[in-house]
Each structure stands twice: as structure tokens, then as C-alpha cells.
Amino acid sequence: FLGHDFYRVCGDVFSCHVVDNPDIESEVALLRSVGPDVPQDRIVQLSLLFAELRDLVEAGQLAYPYSTRELVKLVAHAQRFPNDQLEEVAASVFAFDVADSKKRRPLLEVLQRHGIATTEKGVALLEGRTHGDMNLRLDENRDKSKDVTREDNPDGQNPPDMREGGPKHGEWDGQQHTGGNMFAGGSGGTGTAGLGGRWGPYRLDVGQKFVQVPEDKKKGLDEATKRKTQQMADEAYKKRLAEIKMSLKEGEAYAALRDVVATQIQEMKVCLESQEARERERQWLKNQTHGELDDSRLVDGITGCKTIYTRRGEPEGDSFGAVQQHPKRITFVMDISGSMYTFNRIDRRLQRLQEVAAFIFESFSGFEAKYDYRMVGHSGTGPEAERLVEWGRPPRTDKERLAIAKTMEAHAQFCYPGDHTLEATSRAIEELGRQPADERLVLVVSDADLQRYNIDVRKWNQILQKDPGVKAYVILISNNVDEAERIKATLAPGRAHICAEASSLAVTFKQIFKDMLR
């Protein structure tokens, strides 16, 4: 679970044999023994799902290697609870990852391709989500003859028992329900969201007729169910507060940026998670006074040297994997000059810059203890015309992230003409060099429009290498491939990367990180 490389850690003391995941036919036979009463097509469906999940792990798009163990767990659940819906079965394995906004999209896409969580209700069951649509309203022009009033509880004086499964948001059919225990937006009933009832998770006004359950009938709820209703209410309240802070239009605008690079974000997170796991691995420690004899130090041993042994242990000092004393610091230098705005309609360079920003915000979210980043924007106005993100203060909400993306666009539209690429790069390297850090990295994102301003790329190359304690790289996001290739060829090998499409973002960043951290 820590992601340790077994062979690297202790492969030298074992005779290792790799047993691959079983083929579909063998896996289905195994699962049939676990769930003899589970339909054959259901077992095959789950086995094919896990086969694709494993492929995504191999491709680096998912981090957790879903194994036959989890698959056996699902089939055992289906065997024991045959009436549970498929999403409820799958929730025991996938609910935690689906609830993680960073992993949600790629995982949901795979599940839905295999017929799981294809409806809003199915997604809610899979997530274990308890709150439903809070914007329901009764249509005044509905067929009111289909409204339902429970005959034994028309006035709320005889509320029914709680339905199996405890309190729920309730189902919705667009009709008014009075005195029941199944539908949302009812009145005078039990265990669902509505008005005037008892033991529901929260209130929900859909314009229904009001019926009140007497106070003495609201007593008697056990503590476990009471805690569940409170948890549901807290969850719905938190969601509503988030909705209030960001309008629907703003949410859609940022989601559009994020969705373009969603796959790249997931791949980058897998890269960061893998790096974090490797840092916790035990290493071979050389020059030890005890342990196993180091064959490369035999001569030293003959001459009387004592430190000729090697052993497994926690790394010491500044060696790879040591306890990190300071965060790895990264400065992103973003080109928000007028050319970004001017040529955006031709090659979408400004939009791609905003997508890069969203990629950065989302990828590093959750890794704040390991990585601290700063983001500045340069233009003809100045080398630090906009201080977009300060150290230790990354944008934490979609609204804050969208505000930065909008600021970049507005600045590019109204900034002074000119270019400060070299000055911005130099200032970023100098500023970062003064910061305490485990590693220091400067990434300059540029549209490669340097020739127009007679900027000497060779001078830029010198600036990028001015401080050996700061590794500086250039990411060129323009579709002007000829100019980008010229810049790349002039800069030192490995210092420049051409990223003309959002699809290459994760690959580019992973390559830079491998170079930075090796």
C-alpha cells in the first residue's frame, strides 16, 4: 500500500517469480467458486472491468493496482446481498477513489463503459452520496390527479416507519406526496427530505402542501440513525455553501479548462504519488561497519578499512529518499504578453496557457507539504507584471483558480507592448535561489514569439544556467513550430520542451521532473 518496489527492497534475498493476473476465463472460474449464485454475465462484466483498470495502471493513468483480491470482494458482496444494485456492490471498492476529485473522472469513465453508474442515481449510490438534487420544484401544471396522499396518514398524525436502509434524500417523480416514506419533497412523512415530517436528513421545500407530524411522534430515533441524518445534513450543507461561493456559469468556465487536461492531471498525480512512495523506500546503505560484505570494497578490507559493508536502512543526510527538511520549490514564469491575446484566435495559445495553469493547480493540489510553488506573469508591462500565486498560498477553490486564469487573460489584453522574457527568467532564478528548498525548479512557459522582439536566445541560455542550484527549463506552447524548434536547438540540450497541445503536458512535466529529481 506504500507503493514499495518489492524487488528493489528485498529481491536480492528471495528467488522471485512473477505471477501475472489470471486471464479472463480463469478469473471467471475463480469468481464462480466465490459467488455460485451470482449471474454469469455479472461476473464476466466485473472481470472485464478489472482487466481495463489494470491496463490503465500499466499506462500510468491510475495509481492503484486493482487486483483479483478486490474483484473477489465484489463478487462475495453480490453473493451475500443479491438484491443490492451493482453500484452498491461496486461502492465497497471504488467509493473512496471516486470521492477523490482528482481520481473521479478517469475512474468514472471506465466504470460507465462497463455499465456501472451510468445514471445520476447510480453515481450517487457508487459515491455513497446521501444528498440529492436540492433544486427540485413541483410543476404547477402537473397532473395533480397523480398526487399521492397516504390513506393511513393524510394529516401527519400517524407517520409510517422508516424504510429499510435508513434516512434518504428520497426518490422524485414530480408529484406531491403526503404522509409517506419514499419520495423527496413530501410532507408529514418519515425519513426523507421534505417539510413537516420526522427523521428526515434535512428540509426540502418544493412547493408542496404543508402537513406537520406532532412533536411527540418525532421521538424514539436511535443514536446511530440520528448520526446518519446529521452526517447527511452536514454533507448537503457543505455542498450548498460551495455552490453559493461560485456561480454556475463560473463553475462551468473553470470546468471547461480543467476537463481539457483532466487525463494529463491524473497522469501527473500518479507521477507525484509514485515519487512520494519511492522517497519512503529503504535503500542500500554503503560504507557501513556491519551488514553484508560489499564485493566492491574487498581491497579496502584487506588494507584494514572497517566500512566495507552494505545493509538495508533508512537513507541518511542528503541522499535520495532522506527526510525532506524543506519543500521542493517551483517558480512558474507565465508569458501573459500581448502576443498571447493577439494570436489566440489563430492558435489558441492564450487558452492553452490557461489550461497549463489549470493543470498546475490541479496536479499539485494535495501535495502542498512536498511541493511549494509560486507563479508570476511577465509582459511588456514588466518582468513581474502579475504575481499570480505567492509561496505557500496556492489557490484552493475553483473560484480562486478561475480568477487567476481570468487575470491572465485580462492582462494579456490590456498590457503594454514589449517583452521581458529574459528579465523575468533572471529575476525568478535569483528569487528562488534565496529560498530554502529541498530542490529548486524554474519553469518558463513561453509562446516562442522572441524573434519579433530581437531577443537573443543565446543570452537566454546563459541566464537559464546562471545558478547551478536552480534548474531552469522552458516550455514552448506556440504552434509556430519552426521558431520553437530554433529556440530549442539554441538552448542547452534538455532545457527546452515543445508542448503545442495540451495532450503532451503530462509527458513534458514528467520528463522535467525525472531530470530534476535524479
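Here is a walk through some aromatic, charge, cysteine and helix features of this structure.

The model is predicted, so local features need pLDDT of at least 70 and side-chain atom pairs count only at pLDDT 80 or more, while totals for chains, interfaces and linings use all residues. Residues are numbered from 1 along each chain as its sequence is written, and side-chain values use heavy atoms, with hydrogens and water left out.

Let's start with the rings. A pair of aromatic rings is described by the distance of the centres and the angle of the planes. Here, rings of Phe, Tyr and Trp (its six-membered ring) pair if their centres lie within 6.5 Å; planes under 30 degrees apart are stacked, over 60 edge-to-face, and the rest tilted. Searching the whole structure turns up 9 aromatic pairs. One of them joins F332 and F509, a tilted pair at 6.4 Å centre to centre with 35 degrees between the planes. F332 belongs to strand β8 (residues 328–335) and F509 to helix α19 (residues 505–517), so this pair ties together parts that are 177 residues apart in sequence. Those labels come from DSSP runs, numbered from the N terminus: helices are H or I with at least four residues, strands E with at least two.

How buried are these two? F332 has a relative accessible area of 0%, and F509 has 1%, so both count as buried (under 20% relative accessible area; exposed is over 50%, partly exposed in between, with a 1.4 Å probe and protein chains only). They also belong to one aromatic cluster made up of F332, F359, F364, Y371, Y373 and F509.

Rings meet charges too. The charged end of R198 sits over the ring of W199, 3.8 Å from its centre, and that of R495 sits over the ring of Y473 at 5.7 Å. The rule asks for NZ of Lys or CZ of Arg within 6 Å of the ring centre and within 35 degrees of the ring normal.

On to the cysteines. With a disulfide taken as a pair of cysteine sulfur atoms within 2.5 Å, the count is 0. C305 is partly exposed at 27% relative accessible area, whereas C499 is buried at 2%.

Finally, a loop residue. D143 lies in the loop between α7 (120–127) and β1 (148–149), and its 39% relative accessibility makes it partly exposed. D143 and G174 are 31 residues apart in sequence and 9.4 Å apart in space, C-alpha to C-alpha.
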